[in-house]
Amino acid sequence: MRDVDCSSQLAFSPMGNRHRSALTMQHTVQATFSVGNLNARIEQALRKADFDKELSIQFQPLVDAETQRVVAFEALTRWSNPDLGEVGPEIFIPVAESGELIHLITRTTLRKALQAAKCWP
């Protein structure tokens, strides 16, 4: 997952100095290729994934600003892959969308969220 951390830092770091060294440019190119390779690995893992086992749901309360009362919950999907480990939604969701796998994740998320909500008071 080091590639993910590096690519995230690259994507969100300010450009700063326009006179970058050749070494810095080389690292930028390598990071770009690493992101492409990583996306391919993630897509391949998503295609082989057992979503019932690998996807989990976390519920985030939505609070009314005026009353400070919880009015709803948002279901957040988390993916733990046996080979890749924990993969954040900011990483796997865009890959799933581009690979047309998002509908499978959505269906699993909705089913799991509804199943959990059945037990709520």
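# Exercises on a predicted model

Q68 is exposed, having a relative accessible area of 59%; here buried means under 20% relative accessible area, exposed over 50%, and partly exposed in between (1.4 Å probe, protein chains only). The structure is a predicted model, in which local features need pLDDT of at least 70, side-chain atom pairs count only at pLDDT 80 or more, and totals for chains, interfaces and linings use all residues. Residues are numbered from 1 along each chain as its sequence is written, and side-chain values use heavy atoms, with hydrogens and water left out.

**Exercise 1. Describe the order and the pairing of the strands in the open sheet.**

Solution. 
- Step 1: The sheet has 3 strands in the order β1-β2-β3, with antiparallel pairing. Two strands pair if DSSP finds at least two bridges between them.
- Step 2: The edge strands are β1 (55–63) and β3 (85–87), each of which pairs on one side only.
- Step 3: On average, neighbouring strands of the sheet are turned by 35° against each other, direction ignored. Axes are lines fitted to C-alpha atoms, for helices over the stretch in contact, and angles run from 0 to 180 degrees between N-to-C directions.
- Step 4: Between β1 and β2 there are 9 bridges in the antiparallel sense. For P61, the bridge partner in β2 is F73.
- Step 5: Strand β2 (residues 70–81) is joined to β3 by 3 bridges, and these strands run antiparallel. For W79, the bridge partner in β3 is V87.
- Step 6: The hairpin of β1 and β2 has 6 residues between the strands, while β2 is joined to β3 by a hairpin through 3 residues.

**Exercise 2. State which strands helices α4 and α5 lie across, and at what angles they run.**

Solution. 
- Step 1: Helix α4 (residues 89–98) lies across β2 and β3 and runs at about 80° to β2. Contact means heavy atoms within 4.5 Å.
- Step 2: Helix α5 (residues 102–117) lies across β1 and β2 and runs at about 65° to β1.

**Exercise 3. Check the span of α5 and identify its buried and exposed residues.**

Solution. 
- Step 1: The expected span of a helix is 1.5 Å times one less than its number of residues.
- Step 2: For the 16 residues of α5 this gives 22 Å, and the end C-alpha atoms are 22 Å apart, which agrees.
- Step 3: I105, T108, T109, K112 and A113 are buried in α5.
- Step 4: Down the axis of α5, these buried residues fall within an arc of 130°, so they line one face of the helix. The arc is that of the directions from the helix axis to the C-beta atoms.
- Step 5: An α-helix has 3.6 residues a turn, so residues three or four places apart point the same way.
- Step 6: The exposed residues R107, L110 and L114 are carried on the face of α5 turned away from its buried side.

**Exercise 4. Find the salt bridges of the whole structure and describe the residues that form them.**

Solution. 
- Step 1: A search of the whole structure finds 3 salt bridges. A salt bridge is a side-chain nitrogen of Lys or Arg within 4 Å of a carboxyl oxygen of Asp or Glu.
- Step 2: Between R47 and E43, the closest N and O atoms of the salt bridge are 2.8 Å apart. R47 and E43 are separated by about one helical turn, because they are 4 residues apart in helix α2 (residues 22–48). E43 is partly exposed, with a relative accessible area of 24%.
- Step 3: Between K53 and D50, the closest N and O atoms of the salt bridge are 3.9 Å apart. K53 counts as exposed at 72% relative accessibility, whereas D50 counts as partly exposed at 33%.
- Step 4: Between R111 and D52, the closest N and O atoms of the salt bridge are 2.1 Å apart. This pair links distant parts of the chain, with R111 in helix α5 and D52 in helix α3 (residues 51–54), 59 residues apart. R111 counts as partly exposed at 39% relative accessibility, and D52 counts as partly exposed at 46%.

Note on methods:
Helices (H or I, at least four residues) and strands (E, at least two) are DSSP runs, numbered from the N terminus.
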